[in-house]
Amino acid sequence: MSSTEQTPAGGTETPVGDPERTTPRPARLAAAAAVAGVEALGLVAGGVYMLVRALTGTPGDLTGAVTGAVTLVALGLIPLAAARGLWLRRSWSRGPAVITQILALPVAWQMLQANSAMIPAGAVLGVLAVTGLVLLVSPATTEALGIRRPGQDAP
């Protein structure tokens with residue numbers, strides 16, 4: 001028997017021992033991917049909002065407003081890539097996802113210090129960041145991504 005098998009649709013070969021095909025995706029990994037995806041959507045939506053507002057309004061510094069908007073959209077690509085990688089069980093994706101959560105914590109804190117409508121958004125961001133961190137360091141997530149703990153021997 002060979003180490004590959006044919007899939008019914010398309011005739012592509014899939015390794016028999018591929019964990020993506022043989023074990024279900026842990027709920028914690030799916031939830032971590034969802035958290036990163038929500039954060040990505042928030043960053044992209046915020047950037048698009050800033051861009052539209054800069055182009056249709058009368059900002060004092062159009063260049064600065066557009067630069068800020070483009071930066072937010074670009075930053076949204078990081079958690080988006082991490083979310084996709086987590087969903088596809090790519091071990092590299094945990095690093096950018098963890099960094100995104102860590103960077104979100106001071107942003108959430110600053111939003112909570114504001115005297116405006118940013119307070120609820122800061123609370124949501126803080127909850128998402130803490131939830132994301134807990135999910136990303138969970139043993140189920142670590143195992144699903146194939147990341148070994150320090151001192152653990154290779155299989």
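This is a predicted model: local features need pLDDT of at least 70, side-chain atom pairs count only at pLDDT 80 or more; totals for chains, interfaces and linings use all residues.
1. Residues are numbered from 1 along each chain as its sequence is written, and side-chain values use heavy atoms, with hydrogens and water left out.

2. The chain has six helices and two strands, in the order β-β-α-α-α-α-α-α along the sequence; helices (H or I, at least four residues) and strands (E, at least two) are DSSP runs numbered from the N terminus. Of its 155 residues, 28% count as buried, where buried means under 20% relative accessible area with a 1.4 Å probe and protein chains only. Among contacts (heavy atoms within 4.5 Å) with a separation of 6 or more, 59% come from residues 24 or more positions apart.

3. The largest nonpolar core has 14 residues, and those with the most contacts inside it are Leu29, Ala32, Leu86, Ala97 and Leu136; such a core is a set of buried Ala, Val, Leu, Ile, Met, Phe, Trp, Tyr and Cys residues joined through side-chain atoms within 4.5 Å. At least two residues of this core are supplied by each of α2 (27–56), α3 (62–87), α4 (94–113) and α5 (118–136). Apart from it lies another core, of five residues, including Ala104, Met111, Leu125 and Ala129.

4. In α2 the buried residues are Leu29, Ala32, Ala33, Val35, Ala36, Gly37, Glu39, Ala40, Gly47 and Ala54, and what covers them includes α3, α4, α5 and α6 (139–144).

5. Helix α4, with 20 residues, reaches 29 Å from its first C-alpha to its last, close to the 28 Å expected at 1.5 Å a residue. Its buried residues are Ala97, Val98, Thr100, Gln101, Ala104, Ala108 and Met111, and they pack against α2, α3 and α5.

6. Gln101, which lies in α4, deserves a separate comment. Gln101 is buried, with a relative accessible area of 1%, and, leaving aside neighbours within four places in sequence, Gln101 is in contact with Val35, Glu39, Leu128, Ala129, Gly132, Leu133 and Leu136. With the same exclusion, Leu136 is in contact with Ala32, Leu86, Arg94, Ala97, Val98, Gln101, Thr141 and Thr142.

7. The axes of α3 and α4 come within 8 Å and cross at roughly 135 degrees; axes are lines fitted to C-alpha atoms, for helices over the stretch in contact, and angles run from 0 to 180 degrees between N-to-C directions. The two helices, α3 and α4, are therefore oblique to each other, and the contact is made by Ile78, Pro79, Ala82 and Leu86 of α3 with Arg94, Pro96, Ala97 and Thr100 of α4. By comparison, α4 and α5 pack at about 150 degrees with their axes 8 Å apart, and are therefore roughly antiparallel. On the convention used, angles under 35 degrees count as roughly parallel, over 145 as roughly antiparallel, 65 to 115 as roughly perpendicular and the rest as oblique.

8. A last point concerns Arg89, in the loop between α3 and α4, which has a positive phi of about 65 degrees although it is not a glycine. Arg89 is buried, with a relative accessible area of 11%.

Conventions
Buried means under 20% relative accessible area, exposed over 50%, partly exposed in between (1.4 Å probe, protein chains only). The expected span of a helix is 1.5 Å times one less than its number of residues.
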